[in-house]
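Q: I'd like a close look at one part of this protein. Could you take me through it slowly?

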Amino acid sequence: MKNIFKIFFSIWTITGIFLLTSSFSLSLNHAGDDKPWVVPESAKKLKNPVKATEDNVKAGKLLFSKHCKSCHGTGGKGDGSKSKELNTPCGDFTEKGFQSQTDGALFYKTKEGREDMPSFKKKITDEEELWTLVNYLRTFAPAGNKVEPDKQKTTVNEKKNTTENEVKKSTATEIQTTKEKVVIEKKDSAAMLMDSVSALEKSRIEGVLKLYEKALNASDTLAITALYTSNGIFIPPQAATAVGTDTIKASYKQLFKASKLNVTFSIEEIEISGNTAFIRAVSKGDHTLLENSQKVPEENKALILLKKINNDWKIYCYMFN
Ligand code: HEC
């Protein structure tokens, strides 16, 4: 009788302790915002397989605008429009404490989420995209990012800068000539201004094709889709037409699964009219079939329609044969 009582008593005590501790830890779970977010060591050590380049950081920016900006804000300061409705502050991505975390930790937090921070496991199923996002989060670091300089981009930007300077210079000349009332010279500088503006647009469009060529030869699906408008169209020969980012991405993925390209584009014609433009180009080179490593020469003709969106030229429709 005494023994049974003892057993009952200890079961009671154990249950009691268990209930106490679990309610204690439950209350800790809701204790507030300062609770450290523990990331498993193995997750912290995960290596980022996606190297940050200017192209894919751009892709990361698009993903951030779509999925994260509403809470974390355009500048990553945690001041997005939705942030006011949350119980938890979103954190400040520009802070040292945030940036000192490993890529693996940021990947883990984005993937798993907790409380007000949603899990993106199901919304962004392509892990490459999650890593691309992590690379974009790095750009919020106050000292700027460590994005590798992209030679092509730099040349386009340099060109842009010099042309812009020329535009500024010619505006200055224009003002001066007006002062001197030399009407003919003023007309000339206005024409020069128009010429340099269209030269600038042309070189920016050439830059888009250069980036496309680079991404194509690197089998970089993310960089390619970032060059398209969100409602873009890809019309490959003897295959289905792809419309919209996801379908276009799938279409290129399939292409890159089958072969590795090595081509060079040469432009035959560029026409610009307002916010639309087209390029007629020829691509020459070869592709290697991945199943048997056979190299096949190729030559294609391409017609590319572009649209200027937020001051960036984007591919709206790409057709080749
Ligand atoms: C609905 C609002 C919301 C959205 C959308 C959102 N977050 Fe968050 N995020 C939060 C909140 C709130 C926290 C703080 C969570 C906590 O500490 O418990 C947070 C925390 C984080 C952290 C950890 C911050 C730290 O200090 O370590 C990362 C990393 C992060 N978010 C990345 C992202 C990324 C990337 C996206 C988009 C793919 C995203 N978040 C979308 C609300 C959001």
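Q: What arrangement do the donor atoms around the iron atom of the ligand make, and why?

A: First, a word on the model. It is a predicted one, where local features need pLDDT of at least 70, side-chain atom pairs count only at pLDDT 80 or more, and totals for chains, interfaces and linings use all residues. Residues are numbered from 1 along each chain as its sequence is written, and side-chain values use heavy atoms, with hydrogens and water left out.

Now the iron. The arrangement is octahedral because the 6 donor atoms around the iron atom of the ligand subtend angles of 87 to 179°. Donors here are N, O and S atoms within 2.8 Å of the metal (3.2 Å for Na, K and Ca), and water is not among the atoms, so sites may look incomplete. Six donors count as octahedral if opposite ones are over 155 degrees apart and all others between 65 and 115. For comparison, ideal angles for six octahedral donors are 90 or 180 degrees.

Who does the holding on the protein side? The protein donors are His72, through NE2, and Met117, through SD, and they lie 2.0 to 2.1 Å from the iron. This pair links distant parts of the chain, 45 residues apart: His72 belongs to helix 4 (residues 69-72), while Met117 is in the loop between helix 6 (103-112) and helix 7 (127-138). Helices are DSSP runs of H or I with at least four residues, numbered from the N terminus.

How covered up are the two? His72 is buried, at 10% relative accessible area, whereas Met117 is partly exposed, at 22%. Buried means under 20%, exposed over 50%, and partly exposed in between, using a 1.4 Å probe and protein chains only.

Both residues turn up again in the second largest pocket, which holds about 810 Å³ of space. Its lining has 31 residues, and the closest to its centre are Trp37, His72, Cys90, Phe93 and Met117. A pocket is an open set of points on a 1 Å grid over the protein atoms alone, where a 1.4 Å probe fits, with protein on both sides within 12 Å along at least five of seven lines; lining residues have an atom within 4 Å of a point. Helix 4, helix 5 (96-99), helix 6 and helix 7 each give two or more residues to this lining. By class, the lining splits into 14 nonpolar, 8 polar and 9 charged residues.

How values were computed: Four donors count as tetrahedral if all angles lie between 85 and 135 degrees; four count as square planar and six as octahedral if opposite donors are over 155 degrees apart and all others between 65 and 115; anything else is irregular. Grid points are joined across faces, edges and corners, and a volume is the space filled by probe spheres set on the points. Ala, Val, Leu, Ile, Met, Phe, Trp, Tyr, Cys and Pro count as nonpolar, Asp, Glu, Lys and Arg as charged, and the others, Gly among them, as polar.
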